[in-house]
There are 2 protein chains.
Amino acid sequence: MSATLIDGKPISAAVKAKVAAEAARLARDHGLVPGLAVVLVGEDPASTVYVRNKGKATIEAGLRSFEHKLPEHTSEAELLALIARLNADPTVHGILVQLPVPAHIDSQAVIQAISPDKDVDGLHPMNSGRLASGLAALVPCTPLGCLHMLKTVRPQLAGLEAVVVGRSNLVGKPVAQLLLAENCTVTIAHSRTRDLPAVCRRADILVAAVGRPEMLRGDWVKPGAIVIDVGINRVPAGEGKTRLIGDVAFAEAAEIASAITPVPGGVGLMTVACLLANTLKAASMQAGLPAPQI
Amino acid sequence: MSATLIDGKPISAAVKAKVAAEAARLARDHGLVPGLAVVLVGEDPASTVYVRNKGKATIEAGLRSFEHKLPEHTSEAELLALIARLNADPTVHGILVQLPVPAHIDSQAVIQAISPDKDVDGLHPMNSGRLASGLAALVPCTPLGCLHMLKTVRPQLAGLEAVVVGRSNLVGKPVAQLLLAENCTVTIAHSRTRDLPAVCRRADILVAAVGRPEMLRGDWVKPGAIVIDVGINRVPAGEGKTRLIGDVAFAEAAEIASAITPVPGGVGLMTVACLLANTLKAASMQAGLPAPQI
């Protein structure tokens, strides 16, 4: 491959180290220890692993971690009551309800029950709206991670053509808003886009967030483009095993792009680091302190 | 000119007529008369005219109009207290504070004081976020007007390339969200875009919202494109007179486009009509009734 590898390992480690340093400063100067509450309903194995990793990383960064594990049959009312208690708890600065929640619970009701100021997942419409309006917002973690990785290879993004493939509330739309705020010319493409390869070939920055294994081929990449692959797709790898691949055909694209994120080891590693950064930011804002630059 | 003229006069009249018919139905079936409160601080001549026109159109459509004219020296606290009363008033379903407010008042504080459910200007971050998240939202009036006009010449927009020039919270960004929800491939261009003419030439739908007289030239328009001109610029017309022109060089563009809105007589006429539609929608939603399709 000829492209620079944008390696999530050192970049996420650097973000975590900065969070830890800022947290230590907050504790020393203001007696403030940011607290993150993670709520898990049910026993989905993947979610259980995610929640465990988040808790571990939170403590390693010197933040306070609160885990709330509720049984699968928890009612929506019980979950909302817990969220109300966490909203009112001054030691809790960030609240994350691990999604998906069981089908009998309305996830939109859960998202909107979290105080926007503690919404470290950035999914509350108030935070989407703040982001869209250029106000101080808590921004979803994966899009923040994408921007971080991008800036390691290209600190100034103004004037670049960015194409975001995918328009989810979790990734595509907030990534587009972040790139617009960086003064990119931003195109949002999706399943209804005509001639998607041609649209992708316009991109100086190509962000793939579609959830379809290796959908974006090498010849969809403009020579010299920076490729950010948000996809994490589990596919069969023979002998009953599986492996993770992205939304971009990595080997092909790495011959054309100037820089590219791998899967695994790319954007996926940034999510927890950015969650910690969001918790720090939420705690600072709640205390009336300036948000630390991470 | 060879393009179809998208004439704001009959289109806005049709919207107003639909609002009036739906309002009559609401009154008959549910005893509900939607009420719009418009608040004007100070005596800016243009704002005074706008407010008068809004009040007149509101009554003509069979809605209830409340006008609150406050002196220039009104404090922010007094204005916020009025908004709080209007938020609590069950006969008021929509609240519009005419912008700009005097410099000693924080307009963002005013916008965010309005209940999102009564925010018929659609400027509250909660409504921007609802729009961005695909939830039921009150959407700013001018973007709604653009979409209406567009659909008179092209009811199905899915798969079309749309380019929105301008990224204001009032027009550019919400227009982009509406076009994305219609399944267009949407590009947001702006002052930092490189080679803006080339980006515009990609557009099947070109929306100009930059506030610069005749900035977009005829050769920026793709043959057959639909051009929506949101600009309303007052320029000298000789002998001490002025006239209104758009952001698009109309005569040039009308030779290339398949359809185009004029200035004046285009998008500008839609704003009040869409404000009435928003008031009707807000009243319906507050009463737990389905939002009428306008």
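By class, 26 nonpolar, 13 polar and nine charged residues make up the lining of the second largest pocket. Here Ala, Val, Leu, Ile, Met, Phe, Trp, Tyr, Cys and Pro count as nonpolar, Asp, Glu, Lys and Arg as charged, and the others, Gly among them, as polar. Keep in mind that this is a predicted model, where local features need pLDDT of at least 70, side-chain atom pairs count only at pLDDT 80 or more, and totals for chains, interfaces and linings use all residues. Residues are numbered from 1 along each chain as its sequence is written, and chains are lettered from A in the order in which they are written.

**The pocket**
- The second largest pocket has a volume of about 1400 Å³, which is the space filled by probe spheres set on its grid points.
- Among its 48 lining residues, B:Tyr50, B:Thr142, B:Ile232, B:Gly268 and B:Thr271 lie nearest the centre.
- H2(B) gives the largest share of this lining, seven residues.
- Domain 1 (29–115) and domain 2 (141–269) of chain B both give residues to the lining, so the pocket lies between them.

**Domains in chain A**
- Chain A is split into domain 1 (29–115) and domain 2 (141–269), with bounds from an automatic or database domain assignment.
- The C-alpha centres of these two domains of chain A are 29 Å apart.

**Two copies**

Methods
Side-chain values use heavy atoms; hydrogens and water are left out. On a 1 Å grid over the protein atoms alone, a cavity is a set of points where a 1.4 Å probe fits but cannot get out, and a pocket is an open set with protein on both sides within 12 Å along at least five of seven lines; lining residues have an atom within 4 Å of a point. Helices (H or I, at least four residues) and strands (E, at least two) are DSSP runs, numbered from the N terminus.
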